[in-house]
Amino acid sequence: VSEQRFNELRGEHVVYAIHRQDRTFLPDRAHCPLDPTKPGGPPTEIPFAAFQIAVFDNRFPSFEAPGGAAEVVVYTDEHDGSFGTLSPARVEALMWVWRHRYGELRARPDVDYVMIFENRGVEVGVTLHHPHGQIYGYPFLPPVPTLELAADERLGGCAPCELLQRELADGRRVLLESEHVVAYVPEAARWAYEAHVVMREHRASLLDCDAHELRELGQTLQALVRGYDALFDRPFPYVMVVHQAPTAAAPVSATPHGHLHVEFYPPLRTAEKLKFLAGSEQGAGTFISDTLPEETAAALREAIARAA
Amino acid sequence: LLTANLLLHLNTFVPIFRTAAKSPFRAAGDEALYPRKMPSAPAHPPSPERPQSAREDERSSAAPSEQGRAEREREERSGPLTITRVRKDDGRSLILYGHDETQAELDDATAHQPQRMPEPQRADEPQHQDEQA
(Lines give C-alpha, C1' and ligand atoms only; values in the text may rest on other atoms or scores of the structure.)
Protein backbone atom coordinates (compact mmCIF):
# COMPACT_ATOMS: atom_id res chain seq x y z
CA VAL A 1 0.00 0.00 0.00
CA SER A 2 2.72 2.40 -0.93
CA GLU A 3 1.63 5.53 -2.73
CA GLN A 4 3.17 7.02 -5.84
CA ARG A 5 3.11 10.68 -6.63
CA PHE A 6 4.55 12.37 -9.67
CA ASN A 7 6.95 15.22 -9.07
CA GLU A 8 6.13 17.46 -11.99
CA LEU A 9 9.05 19.80 -11.45
CA ARG A 10 11.56 16.99 -11.76
CA GLY A 11 9.49 14.77 -14.03
CA GLU A 12 9.88 11.74 -11.79
CA HIS A 13 7.93 9.53 -9.43
CA VAL A 14 8.28 9.61 -5.67
CA VAL A 15 7.18 6.53 -3.73
CA TYR A 16 5.76 6.85 -0.24
CA ALA A 17 6.13 3.56 1.64
CA ILE A 18 5.66 4.86 5.13
CA HIS A 19 5.28 1.41 6.68
CA ARG A 20 9.03 1.03 6.03
CA GLN A 21 9.64 3.50 8.82
CA ASP A 22 9.10 0.57 11.18
CA ARG A 23 11.24 -1.97 9.38
CA THR A 24 13.72 -4.10 11.24
CA PHE A 25 16.74 -1.97 12.01
CA LEU A 26 20.14 -3.46 12.79
CA PRO A 27 18.89 -6.27 15.03
CA ASP A 28 21.34 -8.05 17.25
CA ARG A 29 22.89 -11.16 15.82
CA ALA A 30 20.55 -13.51 17.66
CA HIS A 31 17.51 -11.92 16.02
CA CYS A 32 18.62 -11.65 12.40
CA PRO A 33 15.47 -12.19 10.29
CA LEU A 34 17.57 -13.51 7.39
CA ASP A 35 19.10 -16.38 9.34
CA PRO A 36 17.59 -19.83 8.97
CA THR A 37 15.05 -20.58 11.67
CA LYS A 38 16.66 -22.69 14.35
CA PRO A 39 14.61 -25.07 16.48
CA GLY A 40 13.72 -23.21 19.64
CA GLY A 41 15.07 -19.97 18.25
CA PRO A 42 13.24 -16.82 17.25
CA PRO A 43 11.22 -16.86 14.04
CA THR A 44 12.93 -15.64 10.90
CA GLU A 45 11.95 -14.97 7.31
CA ILE A 46 13.17 -18.39 6.20
CA PRO A 47 11.38 -21.05 8.27
CA PHE A 48 13.88 -23.76 7.47
CA ALA A 49 16.95 -24.95 9.30
CA ALA A 50 19.26 -24.54 6.31
CA PHE A 51 19.20 -23.20 2.77
CA GLN A 52 21.50 -22.09 0.00
CA ILE A 53 19.89 -19.03 -1.62
CA ALA A 54 16.45 -17.76 -0.63
CA VAL A 55 14.25 -15.13 -2.25
CA PHE A 56 11.12 -13.82 -0.59
CA ASP A 57 8.68 -10.97 -0.83
CA ASN A 58 9.87 -8.07 1.28
CA ARG A 59 8.02 -7.79 4.57
CA PHE A 60 8.21 -4.03 4.23
CA PRO A 61 7.69 -3.60 0.50
CA SER A 62 8.24 -0.44 -1.48
CA PHE A 63 6.21 -2.06 -4.25
CA GLU A 64 3.89 -5.02 -4.28
CA ALA A 65 1.48 -6.65 -6.69
CA PRO A 66 -0.43 -5.43 -8.55
CA GLY A 67 1.83 -2.38 -8.44
CA GLY A 68 5.30 -3.85 -8.78
CA ALA A 69 7.47 -6.09 -6.66
CA ALA A 70 10.00 -5.93 -3.84
CA GLU A 71 12.00 -9.05 -3.10
CA VAL A 72 14.87 -9.90 -0.77
CA VAL A 73 17.65 -12.18 -2.02
CA VAL A 74 19.54 -13.93 0.78
CA TYR A 75 22.89 -15.15 -0.51
CA THR A 76 23.61 -17.71 2.17
CA ASP A 77 22.31 -19.09 5.45
CA GLU A 78 25.54 -18.01 7.15
CA HIS A 79 25.09 -14.77 9.01
CA ASP A 80 28.67 -13.58 8.70
CA GLY A 81 30.34 -12.81 5.42
CA SER A 82 29.62 -10.85 2.31
CA PHE A 83 29.30 -11.16 -1.44
CA GLY A 84 33.10 -11.19 -1.50
CA THR A 85 33.41 -14.17 0.82
CA LEU A 86 30.91 -16.42 -0.93
CA SER A 87 32.30 -19.52 -2.62
CA PRO A 88 32.74 -19.23 -6.40
CA ALA A 89 30.02 -21.81 -6.86
CA ARG A 90 27.61 -19.79 -4.73
CA VAL A 91 28.36 -16.62 -6.69
CA GLU A 92 27.70 -18.49 -9.90
CA ALA A 93 24.43 -19.82 -8.51
CA LEU A 94 23.48 -16.29 -7.53
CA MET A 95 23.90 -15.17 -11.14
CA TRP A 96 21.40 -17.85 -12.14
CA VAL A 97 19.05 -16.76 -9.39
CA TRP A 98 19.22 -13.18 -10.61
CA ARG A 99 18.53 -14.45 -14.13
CA HIS A 100 15.54 -16.44 -12.97
CA ARG A 101 14.05 -13.57 -11.01
CA TYR A 102 14.50 -11.16 -13.93
CA GLY A 103 12.75 -13.66 -16.19
CA GLU A 104 9.80 -14.12 -13.88
CA LEU A 105 9.34 -10.48 -12.98
CA ARG A 106 9.62 -9.22 -16.53
CA ALA A 107 6.62 -11.38 -17.43
CA ARG A 108 4.44 -9.53 -14.97
CA PRO A 109 2.21 -6.84 -16.46
CA ASP A 110 2.72 -4.61 -13.41
CA VAL A 111 6.52 -4.55 -13.74
CA ASP A 112 8.11 -2.18 -16.24
CA TYR A 113 11.64 -2.31 -14.92
CA VAL A 114 13.50 -4.91 -12.87
CA MET A 115 16.34 -3.66 -10.72
CA ILE A 116 18.58 -6.11 -8.86
CA PHE A 117 20.76 -4.42 -6.30
CA GLU A 118 22.74 -4.70 -3.10
CA ASN A 119 23.33 -2.06 -0.47
CA ARG A 120 26.39 -2.86 1.57
CA GLY A 121 27.38 -1.08 4.75
CA VAL A 122 25.65 1.20 7.20
CA GLU A 123 27.15 4.08 5.21
CA VAL A 124 24.56 3.42 2.50
CA GLY A 125 21.73 2.64 4.86
CA VAL A 126 21.95 -1.09 5.35
CA THR A 127 19.63 -2.25 8.12
CA LEU A 128 20.55 -5.95 8.12
CA HIS A 129 24.11 -7.24 8.03
CA HIS A 130 23.32 -10.76 6.80
CA PRO A 131 24.65 -11.08 3.20
CA HIS A 132 21.73 -10.20 0.97
CA GLY A 133 20.52 -8.08 -1.89
CA GLN A 134 17.17 -6.91 -3.14
CA ILE A 135 15.09 -6.76 -6.28
CA TYR A 136 12.61 -4.05 -7.13
CA GLY A 137 10.07 -4.44 -9.88
CA TYR A 138 9.05 -0.89 -10.73
CA PRO A 139 5.57 -0.31 -12.16
CA PHE A 140 7.04 2.50 -14.23
CA LEU A 141 10.33 3.27 -15.96
CA PRO A 142 12.53 5.10 -13.42
CA PRO A 143 14.78 8.06 -14.33
CA VAL A 144 18.11 6.22 -14.58
CA PRO A 145 17.10 3.65 -17.21
CA THR A 146 15.29 6.46 -18.98
CA LEU A 147 18.58 8.35 -19.11
CA GLU A 148 20.33 5.26 -20.42
CA LEU A 149 17.81 4.96 -23.23
CA ALA A 150 18.37 8.63 -23.99
CA ALA A 151 22.11 7.93 -24.17
CA ASP A 152 21.41 5.21 -26.72
CA GLU A 153 19.50 7.73 -28.80
CA ARG A 154 22.23 10.34 -28.41
CA LEU A 155 25.04 7.98 -29.43
CA GLY A 156 23.02 6.39 -32.19
CA GLY A 157 23.19 2.86 -30.82
CA CYS A 158 23.91 0.96 -27.65
CA ALA A 159 25.66 3.40 -25.32
CA PRO A 160 27.32 0.78 -23.07
CA CYS A 161 28.72 -0.97 -26.18
CA GLU A 162 30.19 2.33 -27.39
CA LEU A 163 31.53 3.34 -23.98
CA LEU A 164 33.12 -0.07 -23.47
CA GLN A 165 35.02 0.27 -26.73
CA ARG A 166 36.22 3.71 -25.68
CA GLU A 167 37.42 2.40 -22.32
CA LEU A 168 39.23 -0.53 -23.92
CA ALA A 169 40.88 1.77 -26.43
CA ASP A 170 42.02 4.12 -23.68
CA GLY A 171 42.93 1.42 -21.20
CA ARG A 172 43.86 3.64 -18.28
CA ARG A 173 40.72 2.95 -16.28
CA VAL A 174 40.30 -0.74 -17.06
CA LEU A 175 40.34 -2.87 -13.92
CA LEU A 176 39.66 -6.42 -15.03
CA GLU A 177 39.25 -8.19 -18.33
CA SER A 178 38.14 -11.70 -19.17
CA GLU A 179 36.78 -13.32 -22.28
CA HIS A 180 33.25 -12.05 -21.79
CA VAL A 181 33.39 -9.34 -19.12
CA VAL A 182 35.27 -6.08 -18.55
CA ALA A 183 35.39 -3.92 -15.42
CA TYR A 184 36.46 -0.31 -15.46
CA VAL A 185 36.14 3.00 -13.70
CA PRO A 186 34.15 5.10 -16.16
CA GLU A 187 35.78 8.15 -17.68
CA ALA A 188 33.18 10.42 -16.09
CA ALA A 189 32.71 8.52 -12.83
CA ARG A 190 30.60 10.41 -10.32
CA TRP A 191 31.87 8.49 -7.29
CA ALA A 192 35.58 8.23 -6.49
CA TYR A 193 35.68 4.45 -6.80
CA GLU A 194 32.71 3.94 -9.06
CA ALA A 195 33.13 0.89 -11.28
CA HIS A 196 31.14 -0.64 -14.12
CA VAL A 197 31.21 -4.33 -14.94
CA VAL A 198 30.09 -4.74 -18.54
CA MET A 199 29.44 -7.67 -20.87
CA ARG A 200 31.71 -7.47 -23.90
CA GLU A 201 29.00 -8.66 -26.27
CA HIS A 202 25.68 -6.91 -26.41
CA ARG A 203 23.45 -8.72 -23.97
CA ALA A 204 20.19 -7.01 -23.15
CA SER A 205 19.74 -8.94 -19.95
CA LEU A 206 20.87 -11.93 -17.94
CA LEU A 207 18.45 -14.01 -19.97
CA ASP A 208 20.68 -13.52 -23.03
CA CYS A 209 23.80 -14.83 -21.28
CA ASP A 210 25.08 -18.36 -21.55
CA ALA A 211 26.48 -20.31 -18.62
CA HIS A 212 30.04 -19.27 -19.29
CA GLU A 213 29.13 -15.60 -19.41
CA LEU A 214 27.21 -15.85 -16.16
CA ARG A 215 30.16 -17.54 -14.53
CA GLU A 216 32.58 -14.87 -15.66
CA LEU A 217 30.19 -12.13 -14.61
CA GLY A 218 30.08 -13.57 -11.10
CA GLN A 219 33.85 -14.02 -10.99
CA THR A 220 34.44 -10.44 -12.08
CA LEU A 221 31.97 -9.00 -9.61
CA GLN A 222 33.54 -10.93 -6.78
CA ALA A 223 37.09 -9.99 -7.80
CA LEU A 224 36.05 -6.35 -7.81
CA VAL A 225 34.34 -6.55 -4.42
CA ARG A 226 37.38 -8.27 -2.90
CA GLY A 227 39.52 -5.51 -4.38
CA TYR A 228 37.27 -2.92 -2.79
CA ASP A 229 37.75 -4.58 0.60
CA ALA A 230 41.51 -4.62 0.07
CA LEU A 231 41.64 -0.99 -1.01
CA PHE A 232 41.45 0.47 2.50
CA ASP A 233 41.75 -2.85 4.32
CA ARG A 234 38.19 -2.59 5.61
CA PRO A 235 34.72 -3.72 4.53
CA PHE A 236 33.99 -1.39 1.67
CA PRO A 237 30.48 0.07 1.48
CA TYR A 238 28.80 0.27 -1.87
CA VAL A 239 25.55 0.24 -3.77
CA MET A 240 25.67 -2.38 -6.51
CA VAL A 241 23.02 -2.18 -9.24
CA VAL A 242 22.39 -4.54 -12.14
CA HIS A 243 21.31 -2.59 -15.21
CA GLN A 244 19.27 -4.48 -17.80
CA ALA A 245 16.73 -3.84 -20.50
CA PRO A 246 13.38 -2.46 -19.37
CA THR A 247 10.62 -5.02 -19.21
CA ALA A 248 7.62 -2.85 -20.08
CA ALA A 249 5.25 -4.56 -22.45
CA ALA A 250 4.91 -1.40 -24.51
CA PRO A 251 8.02 0.00 -26.21
CA VAL A 252 9.72 2.54 -23.97
CA SER A 253 12.09 3.82 -26.62
CA ALA A 254 12.35 4.04 -30.39
CA THR A 255 15.60 2.10 -30.06
CA PRO A 256 14.89 -0.83 -27.74
CA HIS A 257 18.35 -1.15 -26.29
CA GLY A 258 19.52 -2.15 -22.89
CA HIS A 259 22.93 -3.64 -22.16
CA LEU A 260 23.54 -5.83 -19.15
CA HIS A 261 26.07 -4.23 -16.88
CA VAL A 262 26.58 -3.79 -13.14
CA GLU A 263 27.41 -0.44 -11.61
CA PHE A 264 28.99 0.13 -8.20
CA TYR A 265 28.50 3.42 -6.36
CA PRO A 266 30.83 3.43 -3.33
CA PRO A 267 30.41 6.41 -1.02
CA LEU A 268 33.99 6.41 0.33
CA ARG A 269 36.49 8.82 -1.18
CA THR A 270 39.20 7.94 1.37
CA ALA A 271 39.44 5.27 4.05
CA GLU A 272 37.51 7.49 6.47
CA LYS A 273 35.80 10.14 4.39
CA LEU A 274 32.45 9.84 2.74
CA LYS A 275 31.28 11.62 -0.36
CA PHE A 276 28.10 13.46 0.52
CA LEU A 277 25.53 14.58 -1.97
CA ALA A 278 25.45 18.25 -1.13
CA GLY A 279 24.64 21.55 -2.80
CA SER A 280 25.85 20.99 -6.33
CA GLU A 281 24.87 17.33 -6.47
CA GLN A 282 21.38 17.87 -5.09
CA GLY A 283 20.65 21.39 -6.23
CA ALA A 284 22.13 21.25 -9.69
CA GLY A 285 22.53 17.55 -10.33
CA THR A 286 26.24 18.02 -10.99
CA PHE A 287 28.75 15.89 -9.13
CA ILE A 288 31.91 17.58 -7.93
CA SER A 289 34.64 14.97 -7.47
CA ASP A 290 37.81 15.24 -5.41
CA THR A 291 39.55 12.48 -7.34
CA LEU A 292 40.42 11.61 -10.93
CA PRO A 293 39.08 8.34 -12.33
CA GLU A 294 42.49 7.45 -13.78
CA GLU A 295 44.07 7.68 -10.32
CA THR A 296 41.36 5.83 -8.46
CA ALA A 297 41.40 3.15 -11.14
CA ALA A 298 45.12 2.66 -10.61
CA ALA A 299 44.65 2.33 -6.86
CA LEU A 300 41.76 -0.03 -7.31
CA ARG A 301 43.71 -2.14 -9.79
CA GLU A 302 46.48 -2.59 -7.26
CA ALA A 303 43.97 -3.49 -4.55
CA ILE A 304 42.37 -6.09 -6.82
CA ALA A 305 45.79 -7.59 -7.45
CA ARG A 306 46.48 -7.73 -3.71
CA ALA A 307 43.16 -9.43 -3.05
CA ALA A 308 43.53 -12.00 -5.83
CA LEU B 1 22.45 -0.78 27.04
CA LEU B 2 20.31 -3.70 28.18
CA THR B 3 17.25 -1.51 28.19
CA ALA B 4 18.09 -0.16 24.77
CA ASN B 5 18.48 -3.68 23.39
CA LEU B 6 15.18 -4.70 24.94
CA LEU B 7 13.43 -1.73 23.39
CA LEU B 8 14.99 -2.48 20.03
CA HIS B 9 13.89 -6.08 20.30
CA LEU B 10 10.34 -5.08 21.15
CA ASN B 11 10.24 -2.55 18.39
CA THR B 12 11.48 -5.10 15.88
CA PHE B 13 9.61 -8.24 16.72
CA VAL B 14 6.59 -7.29 18.77
CA PRO B 15 4.98 -4.67 16.58
CA ILE B 16 1.58 -5.10 18.21
CA PHE B 17 2.91 -3.22 21.24
CA ARG B 18 3.85 -0.34 19.01
CA THR B 19 0.63 0.11 17.06
CA ALA B 20 -1.92 0.71 19.74
CA ALA B 21 -3.19 3.73 17.83
CA LYS B 22 -5.28 3.19 14.73
CA SER B 23 -2.87 2.57 11.89
CA PRO B 24 -3.58 3.39 8.26
CA PHE B 25 -2.05 0.03 7.44
CA ARG B 26 -4.86 -2.08 8.74
CA ALA B 27 -7.18 -4.19 6.68
CA ALA B 28 -10.88 -4.80 7.30
CA GLY B 29 -11.33 -6.57 10.62
CA ASP B 30 -8.58 -4.48 12.13
CA GLU B 31 -5.86 -6.96 11.23
CA ALA B 32 -2.49 -5.28 10.87
CA LEU B 33 -1.06 -5.34 7.36
CA TYR B 34 2.36 -4.04 8.29
CA PRO B 35 4.63 -5.23 9.59
CA ARG B 36 3.56 -8.65 8.49
CA LYS B 37 3.89 -11.50 10.91
CA MET B 38 6.83 -13.83 10.98
CA PRO B 39 6.28 -17.55 10.44
CA SER B 40 5.72 -19.41 13.65
CA ALA B 41 7.84 -22.53 13.46
CA PRO B 42 10.90 -23.87 11.68
CA ALA B 43 10.58 -26.58 9.08
CA HIS B 44 12.95 -28.93 7.34
CA PRO B 45 14.14 -27.76 3.93
CA PRO B 46 14.73 -29.93 0.89
CA SER B 47 18.49 -29.66 1.29
CA PRO B 48 20.12 -29.31 -2.12
CA GLU B 49 23.22 -31.03 -0.77
CA ARG B 50 21.34 -34.26 -0.30
CA PRO B 51 20.41 -36.62 -3.14
CA GLN B 52 17.18 -35.90 -4.97
CA SER B 53 15.78 -39.23 -3.88
CA ALA B 54 16.28 -38.34 -0.23
CA ARG B 55 14.51 -35.04 -0.74
CA GLU B 56 11.62 -36.80 -2.43
CA ASP B 57 11.39 -39.24 0.44
CA GLU B 58 11.30 -36.34 2.84
CA ARG B 59 8.59 -34.59 0.84
CA SER B 60 6.41 -37.63 0.82
CA SER B 61 6.81 -38.33 4.51
CA ALA B 62 6.84 -34.84 6.00
CA ALA B 63 3.73 -34.08 7.99
CA PRO B 64 2.31 -30.56 7.79
CA SER B 65 3.24 -29.95 11.40
CA GLU B 66 6.88 -30.53 10.52
CA GLN B 67 6.78 -27.82 7.92
CA GLY B 68 5.54 -25.12 10.22
CA ARG B 69 2.88 -23.03 8.55
CA ALA B 70 4.94 -22.48 5.43
CA GLU B 71 3.34 -24.40 2.62
CA ARG B 72 5.51 -25.92 -0.05
CA GLU B 73 3.91 -25.55 -3.47
CA ARG B 74 6.08 -27.25 -6.06
CA GLU B 75 9.63 -27.89 -7.21
CA GLU B 76 11.11 -27.06 -10.59
CA ARG B 77 14.46 -26.38 -12.22
CA SER B 78 16.09 -23.46 -14.01
CA GLY B 79 19.53 -24.07 -15.48
CA PRO B 80 21.63 -25.61 -12.70
CA LEU B 81 19.19 -24.51 -10.01
CA THR B 82 16.58 -26.50 -8.20
CA ILE B 83 13.68 -24.28 -7.22
CA THR B 84 11.30 -24.91 -4.35
CA ARG B 85 8.40 -22.52 -3.97
CA VAL B 86 6.90 -22.03 -0.57
CA ARG B 87 3.91 -19.99 0.53
CA LYS B 88 4.60 -18.36 3.85
CA ASP B 89 1.86 -18.32 6.42
CA ASP B 90 1.19 -14.64 5.78
CA GLY B 91 0.78 -15.32 2.06
CA ARG B 92 4.13 -14.04 0.92
CA SER B 93 6.21 -15.99 -1.56
CA LEU B 94 9.45 -17.69 -0.53
CA ILE B 95 11.65 -19.39 -3.10
CA LEU B 96 14.50 -21.68 -2.10
CA TYR B 97 17.19 -22.08 -4.72
CA GLY B 98 19.51 -25.06 -4.59
CA HIS B 99 22.67 -25.67 -6.54
CA ASP B 100 25.00 -28.64 -6.70
CA GLU B 101 27.99 -26.76 -5.38
CA THR B 102 30.28 -29.78 -5.27
CA GLN B 103 29.94 -30.24 -9.01
CA ALA B 104 30.16 -26.52 -9.60
CA GLU B 105 33.42 -26.34 -7.69
CA LEU B 106 34.82 -29.10 -9.88
CA ASP B 107 33.66 -27.27 -12.98
CA ASP B 108 35.17 -24.12 -11.64
CA ALA B 109 38.56 -25.73 -11.15
CA THR B 110 38.66 -26.86 -14.77
CA ALA B 111 36.99 -23.93 -16.50
CA HIS B 112 38.20 -20.90 -14.58
CA GLN B 113 39.37 -18.15 -16.85
CA PRO B 114 42.23 -16.12 -15.37
CA GLN B 115 41.44 -12.45 -15.55
CA ARG B 116 43.87 -10.04 -17.06
CA MET B 117 44.62 -6.93 -15.11
CA PRO B 118 46.37 -4.23 -17.07
CA GLU B 119 49.24 -2.42 -15.42
CA PRO B 120 48.74 1.23 -14.55
CA GLN B 121 49.61 3.34 -17.54
CA ARG B 122 49.99 7.06 -17.92
CA ALA B 123 47.97 8.87 -20.52
CA ASP B 124 51.03 9.94 -22.45
CA GLU B 125 52.46 6.44 -22.69
CA PRO B 126 51.77 4.33 -25.79
CA GLN B 127 49.60 1.33 -25.05
CA HIS B 128 51.11 -2.13 -25.40
CA GLN B 129 48.26 -4.52 -24.96
CA ASP B 130 50.50 -7.61 -24.84
CA GLU B 131 52.57 -6.18 -22.01
CA GLN B 132 49.47 -5.60 -19.92
CA ALA B 133 48.69 -9.27 -19.68
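This note goes through a predicted model point by point.

1. Conventions. The model is predicted, and local features need pLDDT of at least 70, side-chain atom pairs count only at pLDDT 80 or more, and totals for chains, interfaces and linings use all residues. Residues are numbered from 1 along each chain as its sequence is written, chains are lettered from A and ligands numbered from 1 in the order in which they are written, and side-chain values use heavy atoms, with hydrogens and water left out.

2. Strand β10 of chain A. Helices (H or I, at least four residues) and strands (E, at least two) are DSSP runs, numbered from the N terminus. A residue is buried under 20% relative accessible area, exposed over 50% and partly exposed in between, with a 1.4 Å probe and protein chains only. In β10(A), residues 238-243, six of the six residues are buried, so the strand is largely enclosed by the rest of the structure. One side carries Tyr238(A), Met240(A) and Val242(A), the other Val239(A), Val241(A) and His243(A), and both faces are covered.

3. Partners of β10(A). Two strands pair if DSSP finds at least two bridges between them. Strand β5(A), residues 113-120, runs antiparallel to β10(A) and is joined to it by five bridges. Strand β11(A), residues 261-265, also pairs with β10(A) in the antiparallel sense, over five bridges. Val242(A) is the bridge partner of Ile116(A), and Val242(A) also stands opposite Val262(A) in β11(A).

4. Helix α6 of chain A. The 15 residues of α6(A), residues 293-307, should span 21 Å at 1.5 Å a residue, and the end C-alpha atoms are 20 Å apart, which agrees. The expected span is 1.5 Å times one less than the number of residues. Among the buried residues of this helix are Pro293(A), Leu300(A) and Ile304(A). Their cover includes β7 (174-177) and α4 (211-231) of chain A, judged by contact, meaning heavy atoms within 4.5 Å.

5. The largest nonpolar core. Such a core is a set of buried Ala, Val, Leu, Ile, Met, Phe, Trp, Tyr and Cys residues joined through side-chain atoms within 4.5 Å. The largest has 58 residues, of which Phe83(A), Leu175(A), Leu217(A), Leu224(A) and Phe264(A) touch the most other members. Helix α1(A) gives the most to this core, with nine residues. In soluble globular proteins, nonpolar side chains tend to be buried together.

6. Thr76(A). This residue lies in the loop between β4 (69-74) and α1 (88-106) of chain A. Is Thr76(A) buried or exposed? Its relative accessible area is 8%, so Thr76(A) is buried. A polar atom of the Thr76(A) side chain lies 3.0 Å from the backbone nitrogen of Glu78(A). Not counting residues up to four places away in sequence, Thr76(A) touches residues including Phe51(A), Arg90(A) and His130(A).

7. Ala54(A). Ala54(A) is found in strand β3(A), residues 53-57, and counts as buried at 0% relative accessibility. Leaving aside neighbours within four places in sequence, its contacts include Ile46(A) and Val73(A) in chain A, and Leu94(B), Ile95(B) and Leu96(B) in chain B.

8. Chain B. This chain has three helices and three strands, in the order α-α-β-β-β-α from the N terminus on. Of its 133 residues, 34% count as buried.

Note on methods. Polar contact = N/O pair within 3.5 Å; in protein donor to acceptor, adjacent residues only side chain to side chain.
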